[in-house]
Amino acid sequence: MSQSANNENLDKQLAQKQAAAKAALEYVEEGMILGVGTGSTVNCLIDLLPQMALKGAVTSSQATEARLKALGIDILDLNFVGTLDLYIDGADEFDAQLNLIKGGGAALTREKIVAAASKQFVCMVDESKQVATLGKAFPVPIEVLPQARSYVARKLVEMGAEPVYREGVVTDYGNVILDTYDLDVNNPAQTEKTLNNIVGVVCNGVFAANKANVLLKATSQGIEKFTQ
Ligand code: 5RP
């Protein structure tokens, strides 16, 4: 792809991320405590949040926390907030059942915790994120305790997958990421459980147990809404 075609593609993707974020804002109510995800699509949402007079936010990463703080939005501890009404986040891939792959930004563990603690998960994506089967184009990120990296990698190879250590990345919890290619994700719920059962795995990027309740996909023609 030429440089100018590539730039055009990135502009289109950014416009779609902004449109998806604008659509997600409709779910946010004034005075609520909002669960806020991580990534470039979430950053588009964060830009819109000052108008909503939130009571506060529970965040899925230090990066999101810093952005919200800069806008004067209070950051609350999930332990003192209890169940959240709404969590909004992006995704790296989604399928027809609204199962997701997440973790491109290495924030998967806290993202899964906040999603699990929320009544509703609204996911915002540009159209490039839709796939028939998860894990074929985008590798599944797996957060691993540093000491277990090599052991977990061997277990993944035994499963027929190809784990690649994400060099230079340390998660907010001090762990490492294995980006895992060629993993069989035909049954996302089963794959999620199988990965969780490997000793040393902290969390995996398959979101099936905590998939999106509502998914807003931005296209050149407008927003398409999917619900479970
Ligand atoms: C971060 C994530 C993000 O939601 C995912 O990577 C999508 O990012 P973006 O909105 O930048 O495309 O899971 O851990």
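The space taken by the ligand is the largest pocket. The model is predicted, and every value below is computed from it. The points that follow concern the surroundings of the ligand and then the cysteines.

**Residues around the ligand**

- There are 17 residues around the ligand, and those that come nearest are Ser40, Thr41, Asp92, Gly103 and Lys129.
- By class, this shell divides into 8 polar, 6 charged and 3 nonpolar residues.

**Polar contacts and burial of the ligand**

- Lys17 has a polar side-chain atom that lies 3.0 Å from an oxygen atom of the ligand.
- Gly105 takes part through its backbone, where an N or O atom lies 3.1 Å from an oxygen atom of the ligand.

**Cysteines and disulfides**

- How many disulfides does the count come to? The count comes to 0 disulfides.
- A disulfide requires two cysteine sulfur atoms within 2.5 Å. The closest cysteine sulfur to that of Cys123 belongs to Cys44 and is 14 Å away, so the two are too far apart for a bond.
- Cys203 is likewise in no disulfide, and its nearest cysteine sulfur, that of Cys123, is 15 Å away.
- Is Cys123 buried or exposed? Cys123 counts as buried because its relative accessibility is 0%, and the cut-off for buried is under 20%.
- Cys203 has a relative accessible area of 5%, and therefore Cys203 is buried as well.

Note on methods. Residues are numbered from 1 along each chain as its sequence is written. This is a predicted model: local features need pLDDT of at least 70, side-chain atom pairs count only at pLDDT 80 or more; totals for chains, interfaces and linings use all residues. Side-chain values use heavy atoms; hydrogens and water are left out. A residue is near a molecule or strand if one of its heavy atoms lies within 4 Å of it. A polar contact is a pair of N or O atoms within 3.5 Å; within protein, one must be able to donate a hydrogen and the other to accept it, and residues adjacent in sequence count only if both atoms are side-chain atoms. On a 1 Å grid over the protein atoms alone, a cavity is a set of points where a 1.4 Å probe fits but cannot get out, and a pocket is an open set with protein on both sides within 12 Å along at least five of seven lines; lining residues have an atom within 4 Å of a point. A molecule sits in a cavity or pocket if more than half of its atoms lie within 2 Å of its grid points. Ala, Val, Leu, Ile, Met, Phe, Trp, Tyr, Cys and Pro count as nonpolar, Asp, Glu, Lys and Arg as charged, and the others, Gly among them, as polar. Buried means under 20% relative accessible area, exposed over 50%, partly exposed in between (1.4 Å probe, protein chains only).
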